[in-house]
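Hi,

Here is the structure I promised to pass on. Have a look at it first, and my notes follow below.

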Amino acid sequence: MNYIFNFLFTLALGTLCYSQTTLGYHLKKDEIFTIQQDAEQVITQNMNGAVHELTNTVNGVLEFKVVGTNANSFEIALRFKDLNMKMTSSIQGELMNVKARDVQEGDMQSKMFHSLLDIPVKMTLSKTGDILQVEGGDSLVLKMVEASGLEDEFSLNMMRKSLETEFGSEALSNSYEQMTFIYPTEGVQVGDSWENEYYGKLNAKNLWTLKSVTDANATISGSAAVLMEVTEPTTTMKLNGEQQTLVTTDIATGFVKSMKVEGMAEGTATMVQLGDQEIPTTIKSTVTYQLINK
């Protein structure tokens, strides 16, 4: 009887282990993943009953090439293959419209953004998707500053500090963890949940849940409490909110096939020209990532 019990226990344990899935990145040297990114951010501010809406749209193509593998991490070369940015104001109209591939003579912004295309940035990615290190972002910033054509030292320093908040090594690490940092440290079953957190302008404490698994794909949902803190020379913002994510990944590689991130945050902003006056501010954002070639 004891032998039969042990046999059944072993069989049940084996079935349980088999039903678990080891999620994570399983990449090979020289693999290339090309991602289409589309983002829209709507900032709404209400000052003494007057509403101002600022809409930022960004779309681009990102290339991730595996240039090395280690026991617990991967070396990735990240390149911007295309980048388009547009900013419109409900009061002032179009404030910026830049297509990095389409350089306009005499347009400082188009020259700056064109200069960052096809320049590799080295990224160290853990198997869970935590970006451990980024090297080369600061070189991107330097190239953009040089491409501006500005010569005034004060203006160059102001521009460099502004660009570092978006394209510096730390900023790139924080930005793309939204897409990569989605996996648990242990095997999971459908219905299981796990937590992680990433930082930057957007701090997000995430609760992930494995929704389904097939031979090809894993579907994961995420909800997060978010804190947005932006400090720039003329503006500061502090907002709290929530973020919802739905992602489909490739079981074989772990790389994202599609992802949609929707967020809403509310708080206040202050501007230097308005002194200490706090302006009620809401930010609504939608970001999608789509694998377009592997």
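Let's start with Tyr 183, which counts as buried at 3% relative accessibility (buried is under 20% relative accessible area, exposed over 50%, partly exposed in between, using a 1.4 Å probe and protein chains only). Before going on, a caveat: this is a predicted model, where local features need pLDDT of at least 70 and side-chain atom pairs count only at pLDDT 80 or more, while totals for chains, interfaces and linings use all residues. Residues are numbered from 1 along each chain as its sequence is written, and side-chain values use heavy atoms, with hydrogens and water left out.

**Aromatics**

Rings of Phe, Tyr and Trp (its six-membered ring) pair if their centres lie within 6.5 Å; planes under 30 degrees apart are stacked, over 60 edge-to-face, and the rest tilted. That gives 6 aromatic pairs. In one of them, Tyr 25 and Tyr 183 sit edge-to-face, 5.3 Å centre to centre with 75 degrees between the planes. The two are 158 residues apart, with Tyr 25 in the loop between H1 and S1 and Tyr 183 in the loop between H5 and S7 (helices, H or I, of at least four residues and strands, E, of at least two are DSSP runs numbered from the N terminus). Tyr 25 is buried too, at 1%.

**Core**

Phe 64 turns up again in the largest nonpolar core, which has 52 residues; Phe 64 is among the members that touch the most others, as is Phe 113. (A nonpolar core is a set of buried Ala, Val, Leu, Ile, Met, Phe, Trp, Tyr and Cys residues joined through side-chain atoms within 4.5 Å.) S3 supplies the largest share of this core, 6 residues. A second, separate core of 9 residues includes Val 230 and Ile 283.

**Helix H3**

H3 covers residues 137-148. Its buried residues are Gly 137, Leu 140, Val 141, Met 144, Val 145 and Ser 148. Gly 149 follows H3, with a positive phi near 80 degrees.

**Salt bridges**

There are 9 in the whole structure, each a side-chain nitrogen of Lys or Arg within 4 Å of a carboxyl oxygen of Asp or Glu. One joins Arg 79 and Glu 63 at 3.7 Å, N to O. Arg 79 is partly exposed at 22%, whereas Glu 63 is buried at 14%. Lys 81, Arg 101 and Asp 118 are linked in a network.

Cheers

Technical notes. The expected span of a helix is 1.5 Å times one less than its number of residues.
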